[in-house]
Amino acid sequence: MTARWAVRAALTDERRARRRCPCQGFGDSVPEKGVRMIAEIVAIGTELLMGQIVNTDAQYLSRRLQSLGVSVYYHTTVGDNPERMRDTLALALSRSDIVITTGGLGPTQDDISKDMAAKLLGLEMQFDEES
């Protein structure tokens, strides 16, 4: 199981106000000195919920983030259902500075997680020939 992609989430209005950060938008908020960033790891895949495979990514990512000074407050697992995935990602983005998604079997042809995240963030997916 490998990490698929990560989304740097905007700080919620409450946390942004508390940190007095003048930054706006995704990815350009900088916490005050001494304030630890909060991360959430969202594992996506029905095979994880059914116990068919073990979520070893969450353990690895939690250890690595902790070593970088990032606090992991939540581990969430959601199946391959578009509505529940959207709701789970929206909740994660509302309460964490960093949201990292990972999957059970890795990217497959029917993987909708990138599309759901892009839709939620109001971004358009683009195909990059070079990569």
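The charged end of Arg95 sits over the ring of Tyr74, 3.6 Å from the ring centre; this term applies if NZ of Lys or CZ of Arg is within 6 Å of the ring centre and within 35 degrees of the ring normal. The model is predicted, so local features need pLDDT of at least 70 and side-chain atom pairs count only at pLDDT 80 or more, whereas totals for chains, interfaces and linings use all residues. Residues are numbered from 1 along each chain as its sequence is written, and side-chain values use heavy atoms, with hydrogens and water left out.

**Exercise 1.** Determine which residue forms a salt bridge with Arg95, and explain what the pair ties together.

*Solution.* 
Step 1. A salt bridge is a side-chain nitrogen of Lys or Arg within 4 Å of a carboxyl oxygen of Asp or Glu. The side chain of Arg95 meets that of Glu40 in such a bridge, at 2.9 Å from N to O.
Step 2. Arg95 belongs to helix α4 (residues 82-95) and Glu40 to strand β2 (residues 38-44), so the pair ties together parts 55 residues apart in sequence. Helices (H or I, at least four residues) and strands (E, at least two) are DSSP runs, numbered from the N terminus.
Step 3. Buried means under 20% relative accessible area, exposed over 50% and partly exposed in between, with a 1.4 Å probe and protein chains only. Glu40, at 0%, is buried, while Arg95, at 25%, is partly exposed.
Step 4. Glu40 also has a polar contact, side chain to side chain, with Ser96 (3.4 Å). A polar contact is a pair of N or O atoms within 3.5 Å; within protein, one must be able to donate a hydrogen and the other to accept it, and residues adjacent in sequence count only if both atoms are side-chain atoms. Ser96 is found in the loop between α4 and β4 (98-103) and is buried at 2%.

**Exercise 2.** State how many salt bridges the structure holds, and describe the one between Asp87 and Arg86.

*Solution.* 
Step 1. The structure holds two salt bridges.
Step 2. The side chains of Asp87 and Arg86 meet at 3.5 Å, N to O.
Step 3. Asp87 is partly exposed at 45%, and Arg86 is partly exposed at 37%.

**Exercise 3.** Classify the ring pair of Tyr73 and Tyr74.

*Solution.* 
Step 1. Rings of Phe, Tyr and Trp (its six-membered ring) pair if their centres lie within 6.5 Å; planes under 30 degrees apart count as stacked, over 60 as edge-to-face and the rest as tilted. The count comes to one aromatic pair.
Step 2. The centres of Tyr73 and Tyr74 are 6.4 Å apart and the planes stand at 70°, so the pair is edge-to-face.
Step 3. Tyr73 is exposed at 53%, whereas Tyr74 is partly exposed at 30%.
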